Amino acid sequence: YLPYLQTTTYLDGPESRYTYLTIVVRSGGNLAILAASARAAVSSLDRGVSVSDVTTMEAAIGRALARPRFQLTLMGLFAGVALLLAAAGIYGVVSYGVSTRTPEIGLRLTLGAQRGDVLRMILRQALARVAIGAAAGLAGAVVLTRLMSNLLYGVRPGDPITFAAVSCALIGVALLASYLPAWRASRIDPVGALRAE
């Protein structure tokens, strides 16, 4: 047998002492048959000892990992919501910035700027803002991952591959969120934009 956890509990004083011991048995047989055999073997040695909570190793590991799994699922859900909120925020800021520059964009188009040039200009400016935000976010992540290091499994707190992947994902989301306002701005009617001014 392999003792895994052993504790002593006194319920009504030192004479009522209970000791809990975990025993791990390797077997390829049926769990019910194994549990009955274990109970019979322990009972033959000492009738005062009971065998309880007989389970498979998979179930025991699953029970031990249930809480961390739930926490990680919850963190992943919150991260997804944060990503959606960040994308909506980027879209709103870029869209507002483009709408305030409608006369300027109309003038550029009137003076001969190509629609593709306007699209690239707006995306480039949005990407510059996102890059500043990503740099600030990376600096914050480096500091905060030190505090969350006990929640990380298989990843070092300062893992450069993880930081690069997350940064690329956020920049990609930002570009997607910026594309629609930029595309709309490149499609405005130059004359209508100048008349609106």
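T145 belongs to helix α4, which covers residues 115-147, and T145 is buried at a relative accessible area of 15%, because buried means under 20% relative accessible area, exposed over 50% and partly exposed in between, with a 1.4 Å probe and protein chains only.

Residues are numbered from 1 along each chain as its sequence is written, and side-chain values use heavy atoms, with hydrogens and water left out. Because the model is predicted, local features need pLDDT of at least 70 and side-chain atom pairs count only at pLDDT 80 or more, whereas totals for chains, interfaces and linings use all residues.

The protein chain holds 6 helices and 2 strands, these being DSSP runs (H or I of at least four residues for helices, E of at least two for strands) numbered from the N terminus, and along the sequence they follow the pattern β-β-α-α-α-α-α-α. Of its 197 residues, 15% count as buried. Among contacts (heavy atoms within 4.5 Å) with a separation of 6 or more, 56% come from residues 24 or more positions apart.

Helix α4 also contains D117, which counts as partly exposed at 39% relative accessibility. D117 and S186 are 69 residues apart in sequence, yet their C-alpha atoms are 8.4 Å apart in space.

Two packed helices are described by the angle between their axes and the distance between the axes. For helix α2 (residues 57-100) and helix α5 (residues 160-186), the axes come within 9 Å and cross at roughly 30°, the axes being lines fitted to C-alpha atoms over the stretch in contact, with angles from 0 to 180 degrees between N-to-C directions. The two helices are therefore roughly parallel to each other, a label for angles under 35 degrees, with over 145 roughly antiparallel, 65 to 115 roughly perpendicular and the rest oblique. Residues making the contact include I90 and V94 of α2 and S178 of α5.

S178, which lies in helix α5, is buried with a relative accessible area of 1%. Leaving aside residues up to four places away in sequence, S178 touches I90, V94, L123 and A126.
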